[in-house]
Amino acid sequence: MSTKSSNSNLHRAAKVKNDEFYTRLVDIEKELKHYKDQFRGKVVYCNCDDPFESNFFKYFAGNFNALGLKRLIATSYKPSPIANTELVLQSSLLPGYEDKVVQKPSKPKGRPKVTANKFIINEVSDIDGDGAFDLRDIAEQLKANKNNEWAPLELEGDFRSEESIELLKQADIVVTNPPFSLFREYVKQLVEHKKKFLIIGSDNARKYQDIFKLVQENKLWPGYSRVNEFMQPDGTVKKFGNVGWFTNLDVSKRHELLTLYKKYSPDEFPKYDNYDAIEVSKVSDIPVDYKGVMGVPITFLDKYNPEQFEILGMSDNRDPNYEYRTKLYTQEDSPQYNDLNRGTVLKIKGELKSTYTRLLIKAKK
Ligand SMILES: C[S@@+](CC[C@H](N)C(=O)[O-])C[C@H]1O[C@@H](n2cnc3c(N)ncnc32)[C@H](O)[C@@H]1O
């Protein structure tokens, strides 16, 4: 094998590995409790979710009647590397239990799944479990109900496949943790099909051009909670500090005014050297009386109320084709920005320094 192809194989393997983070039930419950009213009478689609493996499926099946769902659809993905390892996720509903992955060794690993499946739930009569039931039990019980449909997919269960898109069209709300490596494509498809969604993704995505555009146009925003731990196919836990929820469902904090108490002073809030805005390095320090443009950390999005502020752009301009790039002074304007023209620049004690990426915002009214 040439070095080039082995490298690209490694890259692909790493990418796949990075897609295999399984969400804990406790994290799903923590976020979903905020949206209960918005699910009544709705068709929910989990399109990266094998019913035997996914706590999203478990959550919606278990709460089908309480949420008043019309239908739950889940599709699995054939090439999933955890096929046939059968994760058993202990219920966090049972006191003393934490989500744990127990891999049953009875089946050989790495065997491709025979097929991808769709599972369409129209009715959930009592699920016979005391809290310690596992996903397989639930799936088996639901399969036995003649109003529910369990059928193989013709294709591989790729969310972009025609078959999955047909199911997407039937859905009102899509809820899942999609593969991180396909996040942009995944969101694009949801937006194209005008779907409501609640999905997990990395904070880094906030900076992606197409995602930021949606943020700026008030078509996507952060949910309530953070997701700090995931389960991996080998049974270990993977911790993250930069993962949370993205949604276009209503989130109450977007209607709350951010309480501001600081007054503007030129000493405390210096102007950038390459852009007509002031640097506000902490969201809680946004001056209440400043009418011009302010550069704030990206975490501002977690407090953003579109009635209170507008977002004009972002200071990171690594990509020269970045449509939403803020027009900062460039090298041609001044050679000293040669290495610094990637974002907002401050002169600190006579020295020019780039700030972290800043959102450029302005108070409304
Ligand atoms: C981050 S994992 C999350 C799994 C599950 N949704 C959860 O939250 O526990 C992403 C899942 O999407 C599957 N997947 C990867 N590429 C996919 C694609 N193109 N279409 C559908 N599913 C895909 C992976 O096999 C993996 O099971």
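**Reading a helix crossing and a strand pairing**

User: Where do helix α2 and helix α3 meet, and at what angle do their axes cross?

Analyst: The axes of α2 (residues 25-32) and α3 (residues 55-62) come within 9 Å and cross at roughly 55 degrees. Axes are lines fitted to C-alpha atoms, for helices over the stretch in contact; angles run from 0 to 180 degrees between N-to-C directions. Helices (H or I, at least four residues) and strands (E, at least two) are DSSP runs, numbered from the N terminus. This is a predicted model: local features need pLDDT of at least 70, side-chain atom pairs count only at pLDDT 80 or more, and totals for chains, interfaces and linings use all residues. Residues are numbered from 1 along each chain as its sequence is written.

User: What is that orientation called?

Analyst: Angles under 35 degrees count as roughly parallel, over 145 as roughly antiparallel, 65 to 115 as roughly perpendicular and the rest as oblique. α2 and α3 are therefore oblique to each other.

User: Which residues make the contact?

Analyst: Two residues are in contact if their C-beta atoms, placed from the backbone, lie within 7 Å. Here α2 gives L25, I28, E29 and L32, and α3 gives N55, F56, K58 and Y59.

User: Which strands pair with strand β2, and in what sense?

Analyst: Two strands pair if DSSP finds at least two bridges between them. β2 (residues 43-46) pairs with β3 (residues 71-75) in the parallel sense over four bridges. Y45 stands opposite I73 in β3. β2 also runs parallel to β8 (residues 173-176), joined by two bridges. There V44 stands opposite I173.
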